[in-house]
Structure formats: structure tokens, C-alpha cells
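Good morning, and thank you for coming.

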Amino acid sequence: MSILILAEHDGSQLNPATAKTISCAAAIGGAIDVLVLGDAIDSVAAQAASLQGVNRVLATSAPHLAAPLAVNHAAELAAAADGYSHLLGPSSTYGKDVIPHAAALLGVNQVSDIMAVDGPRAFKRPIYAGNAIVDVNVPDDQIVVGTARTASWKAASDGGSGSVEARPAAAEAAAHTRFVGLESGGGDRPDLQTADVVVSGGRALGSSENFELIYRLADKLGAGVGASRAAVDAGYVPNDMQVGQTGKIIAPDLYLAVGISGAIQHLTGIKDAGTIVAVNKDADAPIFEIADIGLVGDLFSVVPELEQLLD
Amino acid sequence: MKILVGIKRAVDYNVRIRVRSDGSGVETDGVKMSINPFDEIALEEALRIKEAGKAEEVIVVSIGGDEVQQQLRTGLAMGADRAIQVNTDEALQPLTVARIFAALAEQEHAGIVFLGKQAIDDDSNQVGQMTAAVWGRPQATFASKVDIDGASARVTREVDAGLETIEIDLPAVITSDLRLNEPRFVKLPDIMKAKRKPLDVVTIDALGGHAGNGISAGHHAAPDARSRGIMVEDAAALVGELKNRGLL
Ligand SMILES: Cc1cc2nc3c(=O)[nH]c(=O)nc-3n(C[C@H](O)[C@H](O)[C@H](O)COP(=O)(O)OP(=O)(O)OC[C@H]3O[C@@H](n4cnc5c(N)ncnc54)[C@H](O)[C@@H]3O)c2cc1C
Ligand SMILES: Nc1ncnc2c1ncn2[C@@H]1O[C@H](COP(=O)(O)O)[C@@H](O)[C@H]1O
């Protein structure tokens, strides 16, 4: 068995989702190679090679691969797949965009969101927003293509010593798709997907000004900041902060849900959190059914109090 | 330009999902079924593009047994011009669905195949990307804004890092994210009118869609449930409890 992993990065830093995908691959077993696609990516390739368990890094550098356009990246991934028994990527928006496209080029279906490995071709994955877990099997005669549900896997640690090889681009740029730009919402707070502590605010905050309360509390805790869909839709915060079925699936040690009712689509995103704390003024809010510690109260008084107590 | 819109019949998003006790699947008997929410958004966007004079025809497509006609009629009532049911009772794999959409796109000379970013039953998030690959055309997934400009489209995409904008030449596949729009409500007269709109039934074989050897689903289990924890009185008690547990 040999596994090829599609690395995710921003041009200079390897995304931690890659190290998590490596842990999923390690559970499958076999030699692990990593494909890095981009332009001038020596440093990213070196970071990938230093992850525990990585055998070889294939680095394909070309100007048209600088932007993460799925058509271009999937063409490279499919071309590099020859000889591998498994192709894996993270189930981030990047992985979800590229991997199914590559799977179709290879003529196979994909296993989305692998949360557990039962055998080289047997996996568990969530369906119905995580309300059911299904066992799936990939037939013997085809390459396994899948995405790893990042919240289910711990990041592989550093200390590996894989080799790095340049791999020339296999395909030309697709003329029909052009990258225009990326507008990044994130500030310099800890990344939502890797932070140990996350504080999220919901519709109850009422405005982007009031959301400052959440930011201030988060800063006291050194936490990442998330939000419910309602808060994002209302324009209090940017879309990249949404936690849940259609946002980010996260697994911090501590999650504080403030003014969030606990809709099933939101809970899907925090199922794997260590400890869930909920602050809500409605004692019957569904969030309390799953919260480890609940506090019934008005967030506009509770949050400032918490902030003071943490001084 | 014609726009094909994928409509999947799925368990309504408000239904509390129960796994069957024998592990054979999720209970769907007597459960409310609806259009997959992302598909409703895709259809709304297609209708707006048509209303802006940038498309002539909106065709809703569903692959499944006769029960999917219910969702197709809802799509017609929302404003689609006609509907196609690709008739099959088999359990579908994303690649099969993608091959059908690619074949239909060719047949109909579609300018856009507009799909949902994911079906909320299988949560695969694959069909749009696979359709683009099979069809050999651009893909713009997770769209939160779509501007059609002649033969191309500028699409804003919701990605982990923020909002990405790309430009694609048509024909192309676009998949909708939740913030693309708010779908309209269906009015009673529209439901009556929809009964007279054309709904064609074609066989899956006519579209050569079988992907063959697919991934098989076995046992289904309910997820490990989180249980209700403790309640604390006030902020000070909360901080105390967090300290006790070594979380602060
Ligand atoms: C297909 C689909 C996908 C979805 N995906 C997601 C997703 O990924 N993530 C997500 O979050 N949602 C998602 N949703 C939406 C979800 O169903 C809910 O609508 C949303 O999570 C509600 O957000 P909320 O809890 O902030 O708002 P509400 O449900 O309105 O809850 C607000 C809460 O704040 C409390 N409150 C009000 N004032 C105060 C106060 N002063 N102090 C304390 N508490 C107060 C209220 O008691 C209430 O419980 C999705 C929906 C669909 C249909
Ligand atoms: N049986 C189907 N009939 C019509 N459209 C479908 C079907 N299955 C999937 N789709 C479309 O493909 C999208 C993505 O589905 P999936 O990749 O299965 O999550 C859905 O939102 C639909 O637009």
C-alpha cells in the first residue's frame, strides 16, 4: 500500500489540516507521500517533509498552480496518482473542491469525511449532519480516494525526515478558469480550526459592535473566535468564522457558545470539542442538552463579568 | 442560455434524524421530505439570472423514483420552466449523478449546471466537482455571489480563508452555498400553474450514467451522544468550575 496526500498551504505555510490527514493515512498504513502544488514552494515542501511518517514529498511548482484552482490542482493530483493505492486530502474547502474532481478524472467515487479507519478499504463517515455514522467499503479493484475529516484526527508531529523531489507539472493551465482574488476575513487571533479554546457568538449579540464582547473575552482566553450561521448571515462577522455543518468542524479542548441556541447544524461542528460551555438566557435552549457546563443568564452581563474575573 | 438545476429529494432539514435499530439506514418512513436546501438556493439563483434577462430557460432535474416528481413540481411552482425526472430506483453514487448531469448538459446545450454544494442526507459534497470533471468544464463551488457577464461569470466562493473570487467561462458548473440568496416562497396559484408545466421522464440508461463498481454502505450507527452536564449559577461559579477541571 502507498498513499499520496494532497498538501494544503497558503504559499508559505503548510496548513495544519495536512498533518491531520497524515494521521488518517497512518491509520490506513503503508508508505506516505505528499504532493505539494504551487509556485515557489520549497519552504512548504520542506515543512511537509519534516512531518513524522512522511516518506517522500513531490513538489510541483508552476506559475499556474499558485492559485488553488481546482481544475488545475485536480489535474496534477490525478496525474500523480499512478501507482498509489490511496489518494487523500483534508476535508477543508480546498480538499472538498479538488479531491472529488480528481476522483472523477480517475473514474472513481470518493469517501468524504473519513472519521475512522476500520481497514485499508473500510471507513466510517458521518452523514445527515453527523446524526448517523455509516460504514463504507471501497471495492478492491479501484484506487481509494478520500477526504479526512480533520476534527477526527490529531496532527502528525514534527521530526520526520522525508525526501523532497521536484515533479514537473503534468498539465497546462486551464484557460477557462481564472483566479481573481482572496479577501481574507481573519485577523491575528488563533486559527479557529486549530485553537485549543474557541469562543463563539450567536444571533443574540445583535450587532457587529456588540460582537466586540466576544472578541474581548476570547483575547482574555487566548481563544479563536467562531460564530453561528445566524450571526454570519446577519453580517456581524465574516463567513470564515461560521462553525457547523456548512461552516467549520472544530474540536477545541474548550468551546464557549454565547447566545447560540444549539441548532443541530451548529452542534455538528462542535461534537468533538472537549468541554462545551453554554451561556444562554433561555433555560430551555437546546444547547444545554449537550453542554458540559451551562449558565442561564444574559450574555450582556455575564460576558463582561467573565472578562473581569479572568483578569 | 439554458440553466439546468439539480434537485435532490432529501429528508427535511428540520426532521430529527433516527438511525434504524437494525443499523440498515436512517428512518425515512413517514418522514417529511423536501428539496435539499442548497438546491432550492441554486434554483432561486437560476430564476434570478433568468429574470435579469441573462437566461431563457430554467430546467429542474431530479434523479430518482417517481416520488421525486413531488420536488420537481415544487421547483416548477417556484418558477422553473420545465422538469426532467431521470428515473431509477437504484442507490446512486455521486459519480453516476455527475455523469448524468454532464450528459444532460451536452444534450440540452446548457450554459450553467447549477447544483447545491452538498446534499444534506449523504453530505458527500462531490457531484458538482465531478460533473465539471466529466464534462470538462469549469467549476465554481460554494458560491455566495454570482455575476453573469456575457459568456463568463464572476463567482465569489466561501472558502476557509475567507471569500475567494474566480472568473469562469461558460458553460460551467456552479454549486451554491447558503448565503447566495433567500429562496422565494411558493404561492398557491403557482402550484396550480406548475401542474401544467412539462415534466419529462427519461430512463437512466438513455443517459449512460452507470458508474459501476461503487462504494458500498454497510452498517449505520447513531453517533456517540453528548449528555447534559451541570448548570452553574453565575460567572464566578463558571470560572471556578473551569479552574477545577484544569481548563483555565
Ligand atoms: C442546510 C443548513 C445548514 C446550516 N448550517 C449551519 C452551520 O454550519 N452553522 C450554524 O451555526 N447554523 C447553521 N444553520 C442554521 C441553524 O439551523 C440555526 O438557524 C442557527 O445555528 C441559529 O443561530 P443562533 O443560535 O445564533 O440563533 P438563534 O437560534 O436565534 O439563537 C439565539 C439564542 O440566543 C439566546 N439569547 C438571546 N438573547 C440573549 C442574551 N441577551 N443573552 C443570552 N442569550 C441570549 C436565545 O435564547 C437563543 O437561544 C444551517 C441551517 C440549514 C438549513
Ligand atoms: N439524485 C439527485 N438528483 C438531482 N440532483 C442531485 C442528486 N444527487 C445529487 N444531486 C445534486 O448534487 C448536489 C451535491 O450532492 P452531493 O455531492 O451528493 O452532496 C446536490 O445539492 C444536488 O444539486
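Some conventions come first. This is a predicted model, in which local features need pLDDT of at least 70 and side-chain atom pairs count only at pLDDT 80 or more, while totals for chains, interfaces and linings use all residues. Residues are numbered from 1 along each chain as its sequence is written, chains are lettered from A and ligands numbered from 1 in the order in which they are written, and side-chain values use heavy atoms, with hydrogens and water left out.

Let me begin with the salt bridges. By this term I mean a side-chain nitrogen of Lys or Arg within 4 Å of a carboxyl oxygen of Asp or Glu. Over all chains, the structure holds 34 of them.

In chain A, please look at R216(A) and E307(A), which form a salt bridge with their closest N and O atoms 3.3 Å apart. This pair links distant parts of the chain, 91 residues apart: R216(A) sits in helix α5 (residues 212–221) and E307(A) in helix α8 (residues 299–309). Helices here are DSSP runs of H or I with at least four residues, strands are runs of E with at least two, and both are numbered from the N terminus. Are these two partners buried or exposed? Buried means under 20% relative accessible area, exposed over 50%, and partly exposed in between, with a 1.4 Å probe and protein chains only. R216(A) is partly exposed at 42%, whereas E307(A) is buried at 14%.

In chain B, D12(B) and K32(B) form a salt bridge, with 3.7 Å between the closest N and O atoms. Both residues lie in the loop between β2 (9–11) and β3 (33–35), so the pair ties together parts that are 20 residues apart in sequence. D12(B) is buried, at 9% relative accessible area, while K32(B) counts as exposed at 53%.

Also in chain B, R154(B) and E167(B) meet in a salt bridge of 3.6 Å, N to O. R154(B) belongs to strand β8 (residues 152–159) and E167(B) to strand β9 (residues 162–169), so the pair ties together parts 13 residues apart in sequence. Salt bridges that share partners join R178(A), R154(B), E167(B) and D169(B) into one network.

I turn now to ligand 2. Which residues come nearest to ligand 2? Of the 20 residues around it, with a heavy atom within 4 Å, the nearest are D39(B), A119(B), N125(B), Q126(B) and V127(B). Strand β4(B) gives the most to this shell, with three residues. An oxygen atom of the ligand is 2.8 Å from a polar backbone atom of Q126(B). As for side chains, an N or O atom of N36(B) is 3.0 Å from a ligand oxygen, and a polar atom of D122(B) lies 3.2 Å from one. Taken alone, ligand 2 exposes 480 Å², of which the protein buries 98%; such areas come from the Shrake-Rupley method with a 1.4 Å probe.

Finally, consider E44(B), in helix α1 (residues 37–51) of chain B. E44(B) is buried, with a relative accessible area of 2%. Leaving aside neighbours within four places in sequence, E44(B) is in contact (heavy atoms within 4.5 Å) with M78(B), N181(B), E182(B), P183(B) and R184(B).

Definitions and conventions:
Polar contact = N/O pair within 3.5 Å; in protein donor to acceptor, adjacent residues only side chain to side chain.
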